[in-house]
Amino acid sequence: MYESLGCPNTKSTLEVVHRHGPCNQLGKGEVNAPTISEILSHDQSRVNSIQTRLDLSSGKQSLRSSKTTLPAKSGSSLGAGNYIVTVGLGTPKKDLSLIFDTGSDLTWTQCQPCVKYCYKQQEPLLDPSTSNTYSNISCNSALCSQLRSATGNSPGCSTSTCLYAIQYGDQSFSIGFFGKEKLTLTNSDVFANFFFGCGQNNRGLFGSTAGFLGLGRDKLSIVSQTAQKYGQYFSYCLPSTSSKTGYLTFGKSGVPSSVAFTPLSNSHGQSFYFIDITAIIVGGTKLSISPTVFSNSGTIIDSGTVITRLPPAAYSALRAAFQQQMKQYPTAPAISILDTCYDLRNYTTFSIPKISFLFNGNVQVDLAFSGILYGGSASQLCLAFAGNSDASAIGIFGNVQQQTLNVVYDVAGGKLGFGPGGCS
């Protein structure tokens with residue numbers, strides 16, 4: 001239920017930041033940022049988890065002008081997710097920094113009394129006993145049974161209280177009470193009955209964040225729970241470096257004419273967002289890749305996967321074209337899954353071929369520099385793509401490639417938009 005506390009057409013902004021960058025207040029207490037190899041290892045764990053979920057499921061193994069915007073901060077490089085926003089829960093409101101993730105649905109945060117275990121988070125834990133608006137969901141509630149689709153696990157029961165359990169690709173997990181609470185996105189955008197997980201046993205690579213904000217397509221995601229206000233419409237821009245900020249916006253308002261929309265393809269009952277790649281362009285030349293290479297695997301867009309994964313044939317063609325146009329530069333050793341790397345430390349300037357993706361509907365998306373080369377230093381900058389080991393494995397358009405773009409999810413309208421210069 002939405003409580004109108006102000007003009008419904010006003011625009012409010014939530015900031016998005018990178019966890020290990022100077023813009024993230026949480027990161028100031030952390031010293032052990034992950035290495036590039038650790039980031040890529042966690043990323044591969046997440047990809048494996050997503051592909052397994054989709055293999056199992058497939059048998060292979062009204063739009064309103066209401067809008068609110070959360071500042072998006074580039075978050076932790078985890079198998080569990082990458083970017084952080086701050087929202088409020090409870091009465092009185094407690095501000096909590098959550099990893100937002102288009103690849104999951106349930107929103108959860110660590111809660112007192114931490115019956116089993118809580119990792120160390122920067123902000124004070126949410127204490128339901130001190131909130132005037134918290135209540136548990138009972139085991140026999142229809143809402144409790146919805147947890148199966150939202151988490152992939154059957155709900156449990158403890159003295160008539162519904163229990164949730166969710167696990168991420170890197171084996172991080174959260175288990176706890178399924179509850180209802182007041183959610184505050186901005187001072188004027190408050191939701192009285194928001195269903196979420198109140199974590200009592202939480203372990204893994206969540207850094208010092210307080211939990212997760214689920215942006216998938218399931219009924220329990222924040223996108224669905226706020227649909228009456230925002231019409232299942234949200235957008236974001238992910239910053240290109242850890243020292244910059246982006247945003248996460250709920251609601252439709254003034255979409256720039258530069259945003260072009262591609263249809264969301266059949267989700268096959270999954271909460272992921274499926275899109276159709278039709279071609280890749282390198283240095284102005286469209287690669288000769290059969291369209292069936294992309295259609296046989298399918299593709300999702302995911303805010304929590306770092307590096308874009310392509311079918312083997314598509315990646316081989318992309319790599320060969322990129323190498324041909326970079327042959328004047330010295331190569332460097334591979335880093336984990338990134339096998340095409342260069343040593344550019346002796347160059348004050350250098351040029352790289354532009355890479356663009358074509359999506360269904362003839363939507364061309366030109367990637368920023370940060371979406372083409374990835375690495376920790378100029379001595380080892382790598383082509384920011386990886387090939388799947390199997391031609392039928394799902395492709396993933398990752399967050400490095402999404403950086404600086406205005407990415408618009410019109411879930412009710414069945415389409416996804418891309419526009420340049422989103423964070424500016």
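Tutor: Keep in mind that the model is predicted.

Student: OK, where is Asn-388 found?

Tutor: Asn-388 lies in the loop between β27 (385-387) and β28 (395-397).

Student: And what does the side chain of Asn-388 make a polar contact with?

Tutor: The side chain of Gln-51, at 3.0 Å. The Asn-388 side chain also reaches the backbone oxygen of Ile-394, at 3.0 Å.

Student: Which residues is Asn-388 in contact with, leaving aside neighbours within four places in sequence?

Tutor: Among them are Arg-309, Leu-310, Pro-311 and Pro-312, and Gln-51 is on that list too.

Student: New topic. How many disulfides does the structure hold?

Tutor: There are 6. One of them joins Cys-237 to Cys-423, with an S to S distance of 1.9 Å. That pair links distant parts of the chain, 186 residues apart: Cys-237 is in strand β13 (residues 233-237), and Cys-423 is in the segment after β30 (415-419).

Student: Is Cys-423 buried or partly exposed?

Tutor: Partly exposed, with a relative accessible area of 28%. Cys-237, on the other hand, is buried at 0%.

Student: Why is the disulfide of Cys-237 and Cys-423 left-handed?

Tutor: Because the torsion about its S-S bond is about -105°.

Student: What about Cys-341 and Cys-382, left-handed or right-handed?

Tutor: Right-handed, because the torsion there is about 100°. Cys-341 sits in strand β22 (residues 341-342) and Cys-382 in strand β26 (residues 380-383), 41 residues apart. Both Cys-341 and Cys-382 are buried.

Technical notes. Residues numbered from 1 in each chain as written. Predicted model: local features only at pLDDT ≥ 70, side-chain atom pairs only at ≥ 80, totals over all residues. Heavy atoms only, no water. Helix = DSSP H or I, 4+ residues; strand = E, 2+ residues; numbered from the N terminus. Polar contact = N/O pair within 3.5 Å; in protein donor to acceptor, adjacent residues only side chain to side chain. Contact = heavy atoms within 4.5 Å. Disulfide = S-S within 2.5 Å. Buried < 20%, exposed > 50% of the residue type's maximum accessible area, 1.4 Å probe, protein only.
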